[in-house]
Amino acid sequence: MTMQITKNDLVDTTVADDRSIDELYARRRVPLVEKHGARIRAFFAAIVPPMIVLAILLGLWQLLCLAPSSALPSPSRIWSEANDLILHPFFVAGPQDLGLGWRVLTSLQRVAFGFGLASVAGVLLGVIVGQSQWAMRGLDPLFQVLRTVPPLAWLPISLAAFRDSYPSAIFVIFITSIWPIVINTAVGVRNIPQDYRNVAAVLRLNHFEFFWKIMIPSAAPYIFTGLRIGVGLSWLAIVAAEMLTGGVGIGFFIWDAWNSSRLPDIFVALAYIGVTGFVLDRIVAAIGALATRGAQAS
Amino acid sequence: MSYLRIDHVDKTFSNGARATKVLEAVDLSVEKGQYVSIIGHSGCGKSTLLNIVAGLVAASAGGIVLENHQVDTPGPDRAVVFQNHSLLPWLTVYDNVRLAVDKVFAGKKSRAERHDWTMRNLELVQMIAAKDKRPSEISGGMKQRVGIARALAMEPKVLLLDEPFGALDALTRAHLQDQVMALHRTLGNTVMMITHDVDEAVLLSDRIVMMTNGPRATIGETLDVALPRPRNRLELASDPVYLECRRRVLQFLYERHHYVEAA
């Protein structure tokens, strides 16, 4: 009996076409309430647990820092002393008295510049390393050493070279975020299936066509992994670099707040930095998901 | 002078100090419009031979002459249908064929003509309806049909088929074999096909080339299949000529050059 059922199942799966099943599902009339109900449930399932955890942590923090003698401010104190920073991200009250939104945007502008340069240079360098056995042997050890150098260690050298804080900060972002892009692109290029190379050879694609039509789409999932790691590192680097170079960015704001003993402001700035980094990561991931649609071999 | 000539081809793969001679003195002439199958046990180097003809692998000695010109690099005049279809997964069915058409006919056909030519070839393999699907959304047999359309769209002098039906189930395979026969009848291409399926070889070919076991594999015997076209697989099943051809290939493969498991 069991045998027969298994056999029938097998026959069904071989005969039935996947697409027609999908179509049947799509055509099945789902009552509106049921359809939206599922979405609403999914939304709450994603939102409610982190909210509960956040509330518990804030409560715990409040309890621990309740004493007037505690070194760190409690959430309620942060709210009472720094709620202007939370509620008005885009105020302008003077050249150095800006809302945190403006400061984040200034830092983002530097990241966009440095990370943009790193993306282009990193992908090109990665392609060379991935394509050429010789370049790979020569450059890979160098990359492996350089990528472990902490972002701030580059700052004195770049200050000496550029003699200005703005390009120095951008260079630090560039040099921090380029390594994962180079290394991932190289792996992606090395993993282009021989089949695609054969197709390109039969079609006699030239180097330029091979780059755009085969290499980039085939390596795209790897490239975007590299970009995603890179954008995270850029954000780490800029905050650190701005603490030392000064100016308008969010990093300098923290340093300035520390020097003038405004601890609650620092906590608010940290939240801004965290949320911005999270959003950056999600944006790159979303672009990657869109760009590599269908790129997985079947 | 024959249309395609494989002239005393040797192939040696060297791995460090150890060199293995895979092919030795393979010599074959193919006439224009002929459908030739190369059959042999797995590992006998028949795919290597096809790759040498395609120009994807260089011969160690000897060479390939196509229409009185030696060819040693890959090119669209020897289009390959790969066993695993090798469609680019990020392109739609249409774009996979269009890529080949754009490259081969750049400067020779206008934009509109290239579109028409792409559609013509998709129509030949009945893939118009699925032209906007990606390879991951269509079945194995459909992918192979797109692979065939892509190869045909290059208007190759020789169509090279590398076990084109190997990865398909029996029913799909029979269906696709019939389609390839019909295409060969309409277009009159010169075809070289690698296979390890005796029935497939006899059904499709004008000539069957049987290869000895490797290493140092070479052509053991060739057999002309004198069956009139169009061929019908049901009628052939009891045709004495068909059965005799089948018997001779089987005899070659299983009596005189039976497969020896590599030690």
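Student: What should I know about the numbering and the model before I start?
Tutor: Residues are numbered from 1 along each chain as its sequence is written, chains are lettered from A and ligands numbered from 1 in the order in which they are written. This is a predicted model, where local features need pLDDT of at least 70, side-chain atom pairs count only at pLDDT 80 or more, and totals for chains, interfaces and linings use all residues, while side-chain values use heavy atoms, with hydrogens and water left out.

Student: What is the bridge partner of B:Val65 in β5(B)?
Tutor: Strand β4 (residues 61–66) of chain B runs antiparallel to β5(B), and three bridges join them. Within β5(B), the partner of B:Val65 is B:Gln70.

Student: How is the pairing described in the open sheet of six strands in chain B?
Tutor: The strands come in the order β6-β7-β8-β3-β9-β10. One pair, β3 (residues 35–39) and β8 (residues 190–195) of chain B, is parallel over five bridges. For the sheet as a whole, the pairing is mixed.

Student: At about what angle does α1(B) run to β8(B)?
Tutor: Contact means heavy atoms within 4.5 Å, and α1(B) touches β3, β6, β7 (158–162), β8 and β9 (207–211) of chain B. Axes are lines fitted to C-alpha atoms, for helices over the stretch in contact, and angles run from 0 to 180 degrees between N-to-C directions. For α1(B) and β8(B), the angle is about 150°.

Student: How far apart are the axes of α6 and α8 of chain A?
Tutor: Helix α6 (residues 133–146) and helix α8 (residues 165–190) of chain A pack at an angle of about 145°. Among the residues in this contact are A:Met136 and A:Phe143 of α6(A), and A:Trp179 and A:Val182 of α8(A). The axes are 10 Å apart.

Student: What is the volume of the largest cavity?
Tutor: On a 1 Å grid over the protein atoms alone, a cavity is a set of points where a 1.4 Å probe fits but cannot get out, and a pocket is an open set with protein on both sides within 12 Å along at least five of seven lines; lining residues have an atom within 4 Å of a point. Grid points are joined across faces, edges and corners, and a volume is the space filled by probe spheres set on the points. The structure holds two cavities of 30 Å³ or more. The largest has a volume of about 70 Å³.

Student: Which helix gives the largest share of the lining of the second largest cavity?
Tutor: This lining includes A:Val199, A:Val202 and A:Leu203, along with B:Val80 and B:Phe82. The largest share, three residues, comes from helix α9 (residues 194–203) of chain A.

Student: What is the volume of the second largest pocket?
Tutor: Its lining includes A:Trp61, A:Trp79 and A:Phe267. The elements giving two or more residues are α3 (32–64), α4 (75–87) and α12 (263–291) of chain A. The volume of this pocket is about 300 Å³.

Note on methods. Two strands pair if DSSP finds at least two bridges between them. Helices (H or I, at least four residues) and strands (E, at least two) are DSSP runs, numbered from the N terminus.
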